[in-house]
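Please read the points below with the two chains side by side on your screen.

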There are 2 protein chains.
Amino acid sequence: MKLHILGCHSATPRSTVFPSSQIVETGNELLLIDAGEGMQIQLRKYKHKFNKIQHIFISHLHGDHFFGLVGFLSSLRLIGREKPMHIYAPVGLKQIIEMIFKLTQTDINYPLFYHELSSPESEIILETDKYHVKTIPLRHRIYTNGFLIQEKPALRKLNIEAVKQYPEIETWAYHNLKRGKDFVREDGSIIPNEKLTLPPTPTKSYAYCSDTVYKPDIIPFIKGIDLLYHEATFLEVHKDLAAKTKHSTAKQAAQIAKDAGVKFLVLGHFSSRYPDESQFKKEAREIFQNVDIAEEGKSFEV
Amino acid sequence: MKLHILGCHSATPRSTVFPSSQIVETGNELLLIDAGEGMQIQLRKYKHKFNKIQHIFISHLHGDHFFGLVGFLSSLRLIGREKPMHIYAPVGLKQIIEMIFKLTQTDINYPLFYHELSSPESEIILETDKYHVKTIPLRHRIYTNGFLIQEKPALRKLNIEAVKQYPEIETWAYHNLKRGKDFVREDGSIIPNEKLTLPPTPTKSYAYCSDTVYKPDIIPFIKGIDLLYHEATFLEVHKDLAAKTKHSTAKQAAQIAKDAGVKFLVLGHFSSRYPDESQFKKEAREIFQNVDIAEEGKSFEV
């Protein structure tokens, strides 16, 4: 699993920085989280294939998190998309998009499904063979969700050398071995699974938490995960402003990461008031060592 | 008067090219025509001050001509705009923008005026001391207007050397001299205006015609103007496609420029199917010599 940053700044796009948008690469799929203005420019710049995206998650209905969406959906139409697209977003976005398409006389010629979110509780909003996505209720000036993406345990790997030593194990049995079952001979005797297989690749988990005020009650959701992206709009020197606008400081984000025991923290959603963004990392490091700052075009291994 | 191209490509933004948007600089004012996605990024890149824009003209409600607008209006709010903003656009845009602001709980804290267009006839939509703006009815797949911006005749210039030779002309008389009036002495004798003043700077006129099928009945509106921006989505080899999608070819745009006797033609709104855009210029030149192609960041003296 990999995280690719398309935009990680608050407010409005400038020549070199973009508002919130990112890609989570899992297997051969790209999940899009938030869609700030200019997002499709960034997708093209960093050569992410539009067609690999089938699921879009929108945290909240502030412009810097979704003003790039309708242009992207229109582009998909122009390039002849046929695959369905699923959008998971707060109630209201569907109404906006449908009205724009109606007034611009745009026929979306691929299946577009809206999954409208309004629950104040965490819920599983997408589940596939390989992963599930769960909302993390955040607290901001408007209804907002973070998203937790958790891979499901993969299959165990066949230890081919070991398996070959037992001619009685035919290929039809591999399916169950990978799922952790012992091999049972016709006479009822058993070859234990651990003799025949190797452990699966460990599963990975990633959480996106933006925008939110410092909210320690998200910790149970993100306990021990591999990678946390947490907003840090402000530095601690502006913590009153952070509280007032319902954003977090770098220090607060680091405190959440520390208390949740996450493996790595990425900070983002920086206010444009700070000319030197390395300050965010410096401030967070006083609390939590494994931290880096997001940057347009940067990727992080989960 | 100057034309600054922010975006001049059809459809969707890519890393280096942007959909329709341009600035007409007249005096100390910037008029924004169309607002394709990424427009505010381009404004920043080319250092056009947001605050000098007070009038926005939207030709039609296809996404590549207005998807950048709501982000721009939101940015103005963030930077604390106080001046009013006027938007001239087809009926429907107001509804879209107001709905987005309602659902995103955005309070626009500067005066925002909508001038909704629906007339099939040309009309004057803005008149100031210095210029007026008139719609040019175009024919596209959806209700569309071009815009003609005409400067008003400026004041004559005082010929200070000449004026100084007549001590009886006091400064209070300058106002009328600049307006072309003769000076009348107390005894009723006259000093003719042409002895005292020089001709004003010639007035300039510019027209934006995009998107439209080849439509010769726009010629009376643009007769003899200084600069015409006309769409050329396709080359003549795709003229059937141009007719079907209600766009023009480079040759057709050149024919319009020639028949209207305009001084200079700029082509734009290029389809992304053509890797070499100099072909548009080449094709147009077979009909009309004074032609160039638009390009992001390029400026044209009107």
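1. The two copies meet through the same surface, because 100% of the interface residues of chain A are also interface residues in chain B; here two residues are in contact if their C-beta atoms, placed from the backbone, lie within 7 Å.

2. A word on the origin of these values: this is a predicted model, in which local features need pLDDT of at least 70 and side-chain atom pairs count only at pLDDT 80 or more, while totals for chains, interfaces and linings use all residues. Residues are numbered from 1 along each chain as its sequence is written, and chains are lettered from A, and ligands numbered from 1, in the order in which they are written.

3. To the contact, chain A gives 29 residues and chain B gives 29 residues. On the side of chain A that touches chain B, at least two residues come from each of α1 (39–45), α2 (69–78) and α3 (93–103) of chain A, where helices (H or I, at least four residues) and strands (E, at least two) are DSSP runs numbered from the N terminus. Sorted by class, that side of chain A holds 12 nonpolar, 13 polar and 4 charged residues; Ala, Val, Leu, Ile, Met, Phe, Trp, Tyr, Cys and Pro count as nonpolar, Asp, Glu, Lys and Arg as charged, and the others, Gly among them, as polar.

4. How is chain A laid on chain B? A turn of 180 degrees with a shift of 0.1 Å along the axis does this with an RMSD of 0.1 Å, and the two copies are thus related as by a two-fold rotation axis. The C-alpha of chain A nearest the axis belongs to G38(A), at 2.9 Å from it. The superposition is by least squares on the C-alpha atoms of residues with pLDDT of at least 70 in both copies.

5. Please look next at the cis peptide bond between S210(A) and D211(A), whose omega is about -5 degrees; D211(A) lies in the loop between β14 (205–209) and α7 (219–222) of chain A. In chain B, the bond from S210(B) to D211(B) is cis as well, with omega near -5 degrees, and D211(B) sits in the loop between β14 (205–209) and α6 (219–222) of chain B.

6. Although K47(B) is not a glycine, its phi is positive, about 60 degrees, and this residue is found in the loop between α1 (39–45) and β4 (53–57) of chain B. K47(B) counts as exposed because it has 7 C-beta neighbours inside 10 Å (buried means 20 or more other C-beta atoms within 10 Å of a residue's own, exposed 12 or fewer, and partly exposed in between, with C-beta atoms placed from the backbone).
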